[in-house]
Amino acid sequence: MSKHRVSRRQFLNYTLTGVGGFMAAGMLMPMLRFAVDPVLEAAAGENFVATKQKVDDLTNKPVRLDFSYKQKDAWYESEVTDTAWVYKNDEGKIVALSPVCKHLGCTVDWNTDKEHPNQFFCPCHFGRYTKDGMNVKGTPPLKPLDMYDFKVKDGILHLGSAVPHKEA
């Protein structure tokens with residue numbers, strides 16, 4: 001046994017320093033984890049969702065295509081259903097448009113306005129888009145519809161995320 005005696009002041013100093021160190025570590029560790037975690041997480045590749053649409057069945061008339069995918073939000077995983085308007089243009093290239101109006105986010109429909117046939121129409125504020133997704137001047141939307149990235153695999157259309165229209 002040591003003859004060195006610890007005074008009350010030294011004991012209190014050691015105890016409070018140890019407790020303060022544990023508290024500081026408890027606060028710093030989550031911050032450090034928050035900063036480092038995205039670096040350690042594997043890079044997410046391109047996420048394309050397989051749809052039920054066969055590419056050979058597409059025509060020059062836009063068809064509504066509903067597709068579902070799993071979405072992970074922190075620890076909660078849910079199944080999300082999205083929609084796209086898909087058709088082949090005059091050159092035979094696939095066009096996949098988002099149905100979300102760029103005015104206030106309502107859903108557009110194809111060929112539902114009898115006064116303006118063959119256009120996408122937003123019933124909320126009478127917004128109109130041409131077949132290629134460009135907004136009609138003089139109507140509320142100021143931007144064209146977003147377009148979905150897509151790829152074709154084994155004759156089936158796979159949709160990615162919506163991106164701003166290329167001609168905007």
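Student: Which residues do ring pairs link into a cluster?

Tutor: In this predicted model, Phe67, Tyr69 and Tyr148 are linked into a cluster by ring pairs.

Student: How many aromatic pairs does a search of the whole structure find?

Tutor: The search finds five aromatic pairs. One of them is formed by Phe121 and Phe126, with a centre-to-centre distance of 6.0 Å and an angle of 40 degrees between the planes.

Student: Why is the pair of Phe121 and Phe126 called tilted?

Tutor: Planes under 30 degrees apart count as stacked and those over 60 as edge-to-face, so the pair at 40 degrees is tilted.

Student: And Phe121, is that ring's residue buried or exposed?

Tutor: Phe121 is buried, at a relative accessible area of 11%. Phe126, its partner in the pair, is exposed, at 59%.

Student: Back to Phe67: what stands opposite that residue?

Tutor: Asp82 in E3 stands opposite Phe67. Strand E2 covers residues 63–73 and strand E3 residues 76–88. The two strands pair in the antiparallel sense, over eleven bridges.

Student: What does the turn of the E2 and E3 hairpin look like?

Tutor: Two residues lie between the strands of that hairpin, and Ala74 takes a positive phi near 60 degrees.

Student: Which strand is joined to E3 by four bridges?

Tutor: That is strand E4, residues 94–97, which runs antiparallel to E3. Within this pairing, Lys88 stands opposite Ile94 in E4.

Student: How many residues lie between E3 and E4 in their hairpin?

Tutor: Five residues lie between E3 and E4. In the turn, Gly92 has a positive phi of about 85 degrees.

Student: New topic: cysteines. How many disulfides does the structure hold?

Tutor: The structure holds one disulfide. Cys106 is joined to Cys124, with an S to S distance of 2.1 Å. The link of Cys106 and Cys124 is left-handed, with -110 degrees about the S-S bond.

Student: Where do Cys106 and Cys124 lie?

Tutor: Cys106 is in the loop between E4 and strand E5 (109–110), and Cys124 is in the loop between strand E6 (120–122) and strand E7 (127–129). The pair therefore ties together parts that are 18 residues apart in sequence.

Student: Why does a distance of 3.8 Å leave Cys122 in no disulfide?

Tutor: A disulfide requires sulfur atoms within 2.5 Å, and the nearest cysteine sulfur to Cys122, that of Cys101, is 3.8 Å away, so Cys122 is in no disulfide. Cys122 is also buried, with a relative accessible area of 2%.

Student: Turning to the record, where does UniProt place the "transmembrane region"?

Tutor: The unreviewed UniProt entry places that feature at residues 12–32. In the model, the span of residues 12–32 is 100% helix and 0% strand, and its end C-alpha atoms lie 30 Å apart.

Student: Which residues does the annotation "domain: Rieske" cover?

Tutor: According to the unreviewed UniProt entry, that annotation covers residues 86–159. The span of residues 86–159 is 0% helix and 35% strand, and its end C-alpha atoms lie 10 Å apart.

Key
Residues are numbered from 1 along each chain as its sequence is written. This is a predicted model: local features need pLDDT of at least 70, side-chain atom pairs count only at pLDDT 80 or more; totals for chains, interfaces and linings use all residues. Side-chain values use heavy atoms; hydrogens and water are left out. Two strands pair if DSSP finds at least two bridges between them. Rings of Phe, Tyr and Trp (its six-membered ring) pair if their centres lie within 6.5 Å; planes under 30 degrees apart count as stacked, over 60 as edge-to-face and the rest as tilted. Buried means under 20% relative accessible area, exposed over 50%, partly exposed in between (1.4 Å probe, protein chains only). UniProt positions are given in the numbering used here, feature names are shortened, and annotations may be inferred rather than shown by experiment.
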